[in-house]
Amino acid sequence: MGAALLITSCGSESGGTASPASSPAPATSSAAQPSTSAPASTSSAPSTSAAASTGGDAVERYEAFMHAAGREDLATVCEIAGPAAKQAEDQGMGPCEKTMPLAFQMISPAQKKALQTATVDRSKIKEGAKKVEIPARAVKASVKFTDGDLGDAVMENRGGKWYVVD
């Protein structure tokens, strides 16, 4: 089981209109930094297709989510998973700040360490203009994660930022 709780603790339905969690990200977090403007593209190419940069931004944000989960960085996890966390809270699971510490306890030390450096194989994701589906099998880590361990994730672009919505 373990890390699957990261996604299932946040929510289990796609879509919706929930807004991100209102808890601020920590100033010392290197995984997610608060910003008043959209992040600059990390691509050195002068102009790539919107879909390519969109999927890349979603993947980077999901990697930041996994790294934060591995560090038990509650503020960053709850910020990135804000919409999914709001859905879970509306369904009676409680606020992210209360449920995620329980989920962290279910992740083995080896899985936590692996999450801190996990990456996503972009060839295995399904990209859309506003949504990117990241299957558990796309996660590359020192520990193998299965669908039952990690779960699939759906990232959605809301207001220029990517969030876990399912």
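**Close-up 1. Arg158 and its salt-bridge partner Glu156 in the predicted model**. Arg158 is buried, with a relative accessible area of 15%. The side chain of Arg158 meets that of Glu156 in a salt bridge, at 2.6 Å from N to O. Glu156 is likewise classed as buried, its relative accessible area being 12%. A salt bridge also connects Glu156 with Lys131, where the closest N and O atoms are 3.4 Å apart. This second pair links distant parts of the chain, since Lys131 belongs to strand β3 and Glu156 to strand β5, 25 residues apart. Lys131 counts as partly exposed, at 33% relative accessibility. In the structure as a whole there are eight salt bridges.

**Close-up 2. Strand β5 and its pairing partners, β3 and β6**. Strand β5 spans residues 153–158, and six of its six residues are buried, so the strand is largely enclosed by the rest of the structure. Ala153, Met155 and Asn157 point one way from β5, while Val154, Glu156 and Arg158 point the other way. In a regular strand, side chains alternate between the two faces of the sheet. Strand β3 (residues 131–134) runs antiparallel to β5 and is joined to it by four bridges. Within this pairing, Lys131 stands opposite Glu156; a salt bridge joins these two residues as well. Strand β6 (residues 161–164) also pairs with β5 in the antiparallel sense, again over four bridges. Here Arg158 has Lys161 of β6 as its bridge partner. β5 and β6 form a hairpin with two residues between them, and Gly159 in the turn has a positive phi of about 65 degrees.

**Close-up 3. Aromatic and charged side chains around helix α2**. Tyr62 and Phe65 make a stacked aromatic pair, with 5.7 Å centre to centre and 25 degrees between the planes. The planes count as stacked because their angle is under 30 degrees. The two residues are three places apart in helix α2, and are thus separated by about one helical turn. Both Tyr62 and Phe65 are buried. Arg61 lies over the face of Tyr163, at 5.0 Å from the ring centre. Arg61 also takes part in a network of salt bridges with Glu79 and Lys161.

**Close-up 4. Buried and exposed faces of helix α5**. Helix α5 covers residues 96–105, of which Cys96, Thr99, Met100, Ala103 and Phe104 are buried. Seen down the helix axis, the buried residues fall within an arc of 145 degrees, so they line one face of α5. The face turned away from this buried side carries the exposed residues Lys98, Leu102 and Gln105.

**Close-up 5. Glu72 in the loop between α2 and α3**. The loop that holds Glu72 lies between α2 (50–71) and α3 (74–80). Glu72 is partly exposed, with a relative accessible area of 38%. Leaving aside neighbours within four places in sequence, Glu72 is in contact with Phe104 and Lys112. Of these, Phe104 is one of the buried residues of α5. The C-alpha atoms of Glu72 and Gln105 are separated by 9.4 Å, although the two residues are 33 residues apart along the chain.

**Close-up 6. The salt bridge between Lys124 and Asp121**. The side chains of Lys124 and Asp121 meet at 3.9 Å, N to O. Lys124 is partly exposed, with a relative accessible area of 34%.

Terms used:
Residues numbered from 1 in each chain as written. Predicted model: local features only at pLDDT ≥ 70, side-chain atom pairs only at ≥ 80, totals over all residues. Heavy atoms only, no water. Buried < 20%, exposed > 50% of the residue type's maximum accessible area, 1.4 Å probe, protein only. Pairing = 2+ DSSP bridges. Contact = heavy atoms within 4.5 Å. Arc of directions from axis to C-beta. Phe/Tyr/Trp six-rings, centres within 6.5 Å; stacked < 30°, edge-to-face > 60°. Lys NZ or Arg CZ within 6 Å of the ring centre and 35° of its normal. Salt bridge = Lys/Arg side-chain N within 4 Å of Asp/Glu carboxyl O.
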